[in-house]
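Thanks for coming, everyone. Please look at the sequence and the structure as I bring them up. Then I'll walk you through the contacts.

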Amino acid sequence: MESFKLHLLRLAREGKVEVPGVPVRGYTLVGEEERQDRAFYLVLEGELVIDLPQGQYLHLKRGEAARVTEPHRLVPVERAVLLEVG
């Protein structure tokens with residue numbers, strides 16, 4: 001079995017997080033994005049607001065995560081570095 005250490009924040013800033021066998025994407029979010037799909041988000045740096053249907057929202061800070069199962073909009077507070085799974 002191969003062992004390795006990931007520097008998720010550095011890799012996500014560069015936009016090239018790869019974990020064998022896991023659908024992971026790391027990136028810096030600088031503007032709003034509309035999403036239709038399900039996802040799991042982990043905030044590595046900054047803050048993120050996730051607008052949900054019916055006027056609801058999630059506010060995530062560094063180290064917090066959320067699983068979203070409905071259409072949503074990602075809104076960074078200034079900028080946010082995210083790890084997205086799924």
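Let's start with a zero: the count of aromatic pairs comes to zero. Keep in mind that this is a predicted model. Arg-25 lies over the face of Tyr-27, at 3.8 Å from the ring centre.

Now the charged pairs. Side chains of opposite charge can pair when their charged atoms come close. How many salt bridges does the structure hold? The total is nine. I'll take three of these pairs in turn.

Begin with Arg-35. This residue lies in strand 2. Arg-35 forms a salt bridge with Glu-33, and their closest N and O atoms are 2.5 Å apart. Are these two buried or exposed? Arg-35 is buried, because its relative accessible area is 9% and the cut-off for buried is under 20%. Glu-33 has 25% relative accessibility, so Glu-33 counts as partly exposed.

The side chains of Arg-35 and Glu-84 meet in a salt bridge, at 3.0 Å from N to O. Which parts of the chain does this pair tie together? Arg-35 sits in strand 2, residues 33–35, and Glu-84 sits in strand 6, residues 72–85. So the pair ties together parts that are 49 residues apart in sequence. Both Arg-35 and Glu-84 are buried.

Arg-25, Glu-33, Arg-35 and Glu-84 are linked by salt bridges.

One, of 3.1 Å, joins its side chain to that of Tyr-27. Another, of 3.3 Å, joins the side chains of Arg-35 and Tyr-41. What else does Arg-35 touch, leaving aside neighbours within four places in sequence? Its contacts include Pro-71, His-72 and Leu-74.

Next, the third pair. Arg-73 forms a salt bridge with Asp-51, with the closest N and O atoms 2.5 Å apart. This pair links distant parts of the chain: Arg-73 is in strand 6, Asp-51 is in strand 3, residues 39–51, and they are 22 residues apart. Where do they stand on accessibility? Arg-73 is partly exposed, with a relative accessible area of 25%. Asp-51 is at 22%, so Asp-51 counts as partly exposed.

Move along to Leu-52. This leucine is found in the loop between strand 3 and strand 4, residues 57–61. Is Leu-52 buried or exposed? It is buried, because its relative accessible area is 15% and buried means under 20%. Not counting residues up to four places away in sequence, Leu-52 touches Tyr-57, Leu-58, Val-68, Glu-70 and His-72. Leu-52 and Leu-74 are 22 residues apart along the chain, and their C-alpha atoms are separated by 9.2 Å.

That brings us to the nonpolar cores. In soluble globular proteins, nonpolar side chains tend to be buried together. Here, the largest nonpolar core has 14 residues. Which residues have the most contacts inside it? They are Tyr-41, Leu-48, Ile-50, Leu-74 and Leu-82. At least two residues of this core come from each of strand 1 (24–29), strand 3, strand 5 (65–68) and strand 6. Strand 3 gives the largest share, five residues.

Look closely at Tyr-41. Leaving out residues up to four places away in sequence, Tyr-41 touches residues including Ile-50, Leu-74 and Leu-82. Its contacts also include Tyr-27, Arg-35 and Glu-84.

Gln-54 is not a glycine, yet its phi is positive, near 65°. Where is Gln-54 found? In the loop between strand 3 and strand 4. Gln-54 is exposed, with a relative accessible area of 78%. Glu-78 is not a glycine either, and has a positive phi of about 65°. Glu-78 is found in strand 6. Its relative accessibility is 75%, so Glu-78 counts as exposed.

That's my tour. Questions, please.

Conventions:
Residues numbered from 1 in each chain as written. Predicted model: local features only at pLDDT ≥ 70, side-chain atom pairs only at ≥ 80, totals over all residues. Heavy atoms only, no water. Salt bridge = Lys/Arg side-chain N within 4 Å of Asp/Glu carboxyl O. Buried < 20%, exposed > 50% of the residue type's maximum accessible area, 1.4 Å probe, protein only. Helix = DSSP H or I, 4+ residues; strand = E, 2+ residues; numbered from the N terminus. Polar contact = N/O pair within 3.5 Å; in protein donor to acceptor, adjacent residues only side chain to side chain. Contact = heavy atoms within 4.5 Å. Core = buried A, V, L, I, M, F, W, Y, C linked by side-chain atoms within 4.5 Å. Phe/Tyr/Trp six-rings, centres within 6.5 Å; stacked < 30°, edge-to-face > 60°. Lys NZ or Arg CZ within 6 Å of the ring centre and 35° of its normal.
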